[in-house]
Amino acid sequence: MKTILITAGGLSPVGINTILSLKDFYKIVCVDAKSQSESVAPYFCKTYYEVPLASKENNYIKKILYICEEEKVEIILPLTIEETLVLLANKSIFAVKGTQIANANTIENLKTCSDKWLINDFLRQKGISVPNAMPVSNANDIRQNIIRFGYPKIKVVIKPRITHGSRGFKIITENKDDLKLVTELKPMDFHFVKLDHFCDIVENQNLNAVLMDYLEGDDYSVYTFCFNGEPLVILPMKRTGLIPGMSIGWILVKDERIIEYVTMIARAFRFNGVINFQLKNTISGPLLYEINSRISATTVIGRGTEINFPLFEMLLAENKIQEIKNKIAEVRIKWDLKLYRVQREIYNYEDNYYEI
């Protein structure tokens, strides 16, 4: 059984779900920036190491190399874009040691997909429909250009170009009463803000943000596995439950418009491996607002229909393309499958983990 290393193993739910998806096929070494006593990952993965943040590149690479040598790791599966970029930039060092990085996309593509404006601009130039968007760098940019999006009659989205987990996402609107936002605040209402209030806060700040159409329609997270730009499987998931920064319910929907749209995007980027597309299914058709070029939190939906995305990512690193195609061909996708995310409690007493 090959030994693999999974980064960000304590990241819930993506790290835990990835470990569970692969534990029957590989010996797993798990790393995370948290100490063992602070992470739940050791409950799921017995071999655990604390590592520096990827932003501390030299220290991070040095520690990962040490772990790979100590544990005889053959493949590294990074679960954050920051770690993926650092590891791919140093992949020749790992190759000498006999260790591969399980992400077959180019660094250029990964960097483009981590920037919401660059994604939008790239696809627009390819003739693929995307929301109206433009980069902004300060409060004056916002005030001068927001009218192009139909403001104040229409809500407008502003968000950092590079972020994840809905951090910094705001909906600029004049149609929300300030008092009600304070006294009747619901979990999703924290996104709303008025133009003057937002601009006052960022008045003297340098922003790296993007203005974008506020999209009406069902929200979808679409999972694919691609090879040389061709999707081998596409699973569109309609979100049916949402809390700030996280989805808690989905249904698998066979929507041909979404499947065709995502196929065009995958071909434009010539993607490889697991790719997650986030879009709104509007009246005029699907419109993309984000791409995650890695395994994401709800990739686990595939396990419910025998599509093991993390396993496919590993098989791609092993160049077992035909095995992936055979496994996909054998699957009968369970359209209308529902997925619910629930919490579970794990106890840790004196570094012994258990459930009740």
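Predicted model: local features only at pLDDT ≥ 70, side-chain atom pairs only at ≥ 80, totals over all residues.

Me: What is the volume of the second largest cavity, and which helix gives the most to its lining?

Reply: The second largest cavity contains about 40 Å³ of space. Helix α1 gives the most to its lining, with 4 residues. The lining includes Val14, Asn17, Thr18, Ser21, Ile295 and Pro310. By class, this lining has 5 nonpolar, 5 polar and no charged residues.

Me: Which residues lie closest to the centre of the second largest pocket?

Reply: The second largest pocket has a volume of about 600 Å³. Of the 21 residues that line this pocket, the closest to its centre are Ser12, Pro13, Arg341, Val342 and Gln343. Helix α1 (14–22), strand β13 (246–252) and strand β16 (338–340) each supply at least two residues of the lining. By class, the lining of the second largest pocket has 14 nonpolar, 4 polar and 3 charged residues.

Me: Let us turn to the sheets. How should I read the pairing of strands, and what is the order in the open sheet that contains β1?

Reply: As a general idea, strands of a sheet pair through backbone hydrogen bonds, either parallel or antiparallel. In this structure, 5 strands form an open sheet in the order β3-β2-β1-β4-β5, with parallel pairing. At its edges are β3 (47–50) and β5 (100–101), each of which pairs on one side only. Strands β1 (residues 3–6) and β4 (residues 75–77) run parallel and are joined by 3 bridges. Ile6 has Leu77 in β4 as its bridge partner.

Me: Which helix lies across β1, β2, β3 and β4?

Reply: Helix α3 (residues 57–71) lies across these four strands and runs at about 160 degrees to β3. In the loop between α3 and β4 lies Lys72. Phi of Lys72 is near 55 degrees, a positive value in a residue other than glycine.

Me: What is the pairing in the open sheet that contains β6?

Reply: There, 5 strands form an open sheet in the order β6-β10-β7-β8-β9, and the pairing is mixed. The edge strands are β6 (133–136) and β9 (192–193), each pairing on one side only. Strand β7 and strand β10 (residues 209–213) run antiparallel, and 5 bridges join them. Ile158 has Leu211 in β10 as its bridge partner. Helix α7 (residues 116–125) lies across β6, β7 and β10, at about 140 degrees to β6.

Me: Where is Pro152 placed, and is the peptide bond from Tyr151 to Pro152 cis or trans?

Reply: Pro152 is in the loop between α8 (139–145) and β7 (156–160). The peptide bond from Tyr151 to Pro152 is cis, with omega near 10 degrees.

Me: Lastly, how is a pair of helices described, and at what angle do the axes of α12 and α13 cross?

Reply: In general, two packed helices are described by the angle between their axes and the distance between the axes. Here the axes of helix α12 (residues 309–317) and helix α13 (residues 321–329) come within 8 Å and cross at roughly 155 degrees. Therefore α12 is roughly antiparallel to α13, as angles over 145 degrees count as such. The residues that meet include Leu311, Phe312 and Leu315 in α12 and Ile321, Ile324 and Lys327 in α13. By class, the contact of α12 with α13 has 7 nonpolar, no polar and 2 charged residues.

Key:
Residues numbered from 1 in each chain as written. Heavy atoms only, no water. Pairing = 2+ DSSP bridges. Contact = heavy atoms within 4.5 Å. Axes fitted to C-alpha atoms, helices over the stretch in contact; angles between N-to-C directions. Parallel < 35°, antiparallel > 145°, perpendicular 65-115°, else oblique. Nonpolar A, V, L, I, M, F, W, Y, C, P; charged D, E, K, R; others polar. 1 Å grid on protein atoms, 1.4 Å probe; cavity = no way out; pocket = protein on both sides within 12 Å on 5 of 7 lines; lining within 4 Å. Points joined across faces, edges and corners; volume = space filled by probe spheres on them.
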